[in-house]
Amino acid sequence: MAFPPAQAMSPYGDDAVTLSRLSVIEGLTRLDSSGEAKPALAASWKSSQRDRTWTFQLRKARFQDGKKVTAEAVVRSLTAATKASPQPRVLSDAGKLSARAKDADTVAVTSSEPDALLPQRLANPSLAVLSPQAYGKGDKVTVAGHATGPFTLTKIEGTVRAKLDRYDGYWGGRAKAPGVDVTFTANGTTRANALRAGSTDIAEYVPVSQASVLEKSQVHEVPTARTNSLYMNTARGPLKDARLRAAARAALDSKALIKGVYEGYADEPEGLLGPGVKWARDKRVPAEGRAKAASRAQVKKAPTITLATYSNRPELPEVVTAAQQQFEKAGFEVKQVVRDYARMEADALAGKYDVFVQARNTLLDTGDPVSYMESDFTCEGSFNMSQLCDKDVDEAVNKAAGTEDTAARQRAEMAAEAEILRTDAVVPLLHERFIQGVADDVEGVSLDPTERTLVTADTHRG
């Protein structure tokens, strides 16, 4: 796997996604390939718009420590997540959630604001349901042996290795593999070489530069919901001027980036939402009312812009170097900054860069892009690297967030996308295709555009 544990396998940070990809944890719901909520630990649910409450009926299941999954256990898990610090991102742009047990097998979840996406929200890995035994003194939460998935985490060696054993009491039936041995390494060449040498069965996120060294049968391309975009600072610095943002957008050549950096393993930008969001293409509307681009003479008078990205994804520094050349050709003076993401996030969120290039999964939090739009582009958004605050954008996003009917919400989301693109606060560069490396004799690996699943109960050697 590409990303070593960052929080000792805490369920409240990015490690929760790793635990989900290894089929260790589950929530009340799960997402299907179109982002719709489907049963997991909850067999069914219904909503009551009158009091903003959703009622979930639990299936018969047991935790990996043998205890029954009860409504009280679910309430404890959801309550602990709402009180976690830092708060899970999936909750940062939602109303306050509260849960109560109606009886032993029925849970009522109430939001302080109408939340049409609550069933999708509860599929987020950070809202996984754990046994009461998982919760120790203070904020300590121990996932190992206390989750509900088909594999239980039995050993973790810092940021290097983990061991999973099959959980024979899994409600969905025994996993086909007796266990999973996991090695974490951020070096993409190392991951690809391990697969080529036969020392691993699955190599996560093979860099495009390494795809050619693998057998074609081992290379699995996955169209994704991850869009690489350029986020421009709309609140301070040279790019506060919408005309300069428009000139920066006009300077970019996505085709050159896809060919030169991604060797063709990416798709040209269609908007914020790419091929991994299958419904978006037919509902997209054009962005209208953009500012007129500044002239080359005006661009040359602008102060130097800071163009930043992180080194954790090997293609991004190359993207920034190519983008810098494109900007300079258009007359901009550019200073480049590349560091580890953990050292950059706080500065990026504080607006200390003029331009920040990042790869963003637009479906990661709820399986629906409205939560991404809320967090990244509204005035109160918790992940607003563009520092954008635009009344029309907020209105469009809020309208989408408050629409319960799926088809109507998707149309509203496309209207919100157009409003966001109008501002040039963000310029989509390309839509990534993941390359997952899988040995020829391995079956049942989940090639998931939302990045929630990888190893499943069906994963095994053929």
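This is a predicted model: local features need pLDDT of at least 70, side-chain atom pairs count only at pLDDT 80 or more; totals for chains, interfaces and linings use all residues.
A residue is called buried when its relative accessible area is under 20%, exposed when it is over 50%, and partly exposed in between.

Ala287 sits in the loop between β12 (266–267) and α9 (296–301). Now look for Arg422. Along the sequence, Ala287 and Arg422 are 135 residues apart. In space, their C-alpha atoms are 5.3 Å apart. Lys278 belongs to the loop between β12 and α9. With a relative accessibility of 67%, Lys278 counts as exposed. Its C-alpha lies 9.2 Å from that of Ala225, and 53 residues separate Lys278 and Ala225 in sequence.

Next, go to strand β11, which covers residues 219–232. Thr224 is placed in this strand. Is Thr224 buried or exposed? Its relative accessible area is 1%, so Thr224 is buried.

Arg226 forms a salt bridge with Glu451, and their closest N and O atoms are 2.8 Å apart. Check the burial of each partner. Arg226 has 7% relative accessibility and therefore counts as buried. Glu451, at 4%, counts as buried as well.

How many salt bridges does the model hold? The count comes to 27. A second one joins Asp181 and Lys163, with 3.8 Å between the closest N and O atoms. Asp181 has a relative accessibility of 65%, so it counts as exposed. Lys163 has a relative accessible area of 34%, which means that Lys163 is partly exposed.

Now try a salt bridge inside a helix. Glu413 pairs with Arg409, and their closest N and O atoms are 3.8 Å apart. Both residues belong to helix α14 (residues 406–422). They are four residues apart, so about one helical turn separates them. Both Glu413 and Arg409 are buried. Salt bridges can also share partners, and in this way Glu270, Arg281, Arg284 and Glu417 are joined into one network.

Turn to another helix. Met373 is found in α12 (residues 369–377). Its relative accessibility is 0%, so Met373 counts as buried. Compare its position with that of Glu288. Met373 and Glu288 are 85 residues apart in sequence, and their C-alpha atoms are 18 Å apart in space.

Some charges take part in a surface patch instead. Glu215, Asp440, Asp441 and Glu443 form a negative surface patch. One of them, Glu215, lies in the loop between α6 (208–211) and β11. Glu215 has 52% relative accessibility, so it counts as exposed. The cut-off matters here: exposed means over 50%.

Finish with the backbone. Which residues other than glycine have a positive phi? Ser23 is one of them, with phi near 60 degrees. Ser23 lies in the loop between α1 (15–21) and β1 (29–31). At 12% relative accessibility, Ser23 counts as buried, because the limit for that label is 20%. Glu263 is another case: it is not a glycine, and its phi is positive at about 50 degrees. Glu263 is found in the loop between α8 (254–260) and β12. Its relative accessible area is 46%, so Glu263 is partly exposed.

Technical notes. Residues are numbered from 1 along each chain as its sequence is written. Side-chain values use heavy atoms; hydrogens and water are left out. Patches are made of residues with over 30% relative accessible area and no salt bridge: like charges are joined within 9 Å, nonpolar side chains (Val, Leu, Ile, Met, Phe, Trp, Tyr) within 5 Å. Accessible areas come from the Shrake-Rupley method with a 1.4 Å probe; for residues, only the protein chains shown count as cover. A salt bridge is a side-chain nitrogen of Lys or Arg within 4 Å of a carboxyl oxygen of Asp or Glu. Lys and Arg count as positive and Asp and Glu as negative; His and the chain ends are not counted. The place of a charge is taken as NZ of Lys, CZ of Arg, CG of Asp or CD of Glu. Helices (H or I, at least four residues) and strands (E, at least two) are DSSP runs, numbered from the N terminus. Buried means under 20% relative accessible area, exposed over 50%, partly exposed in between (1.4 Å probe, protein chains only).
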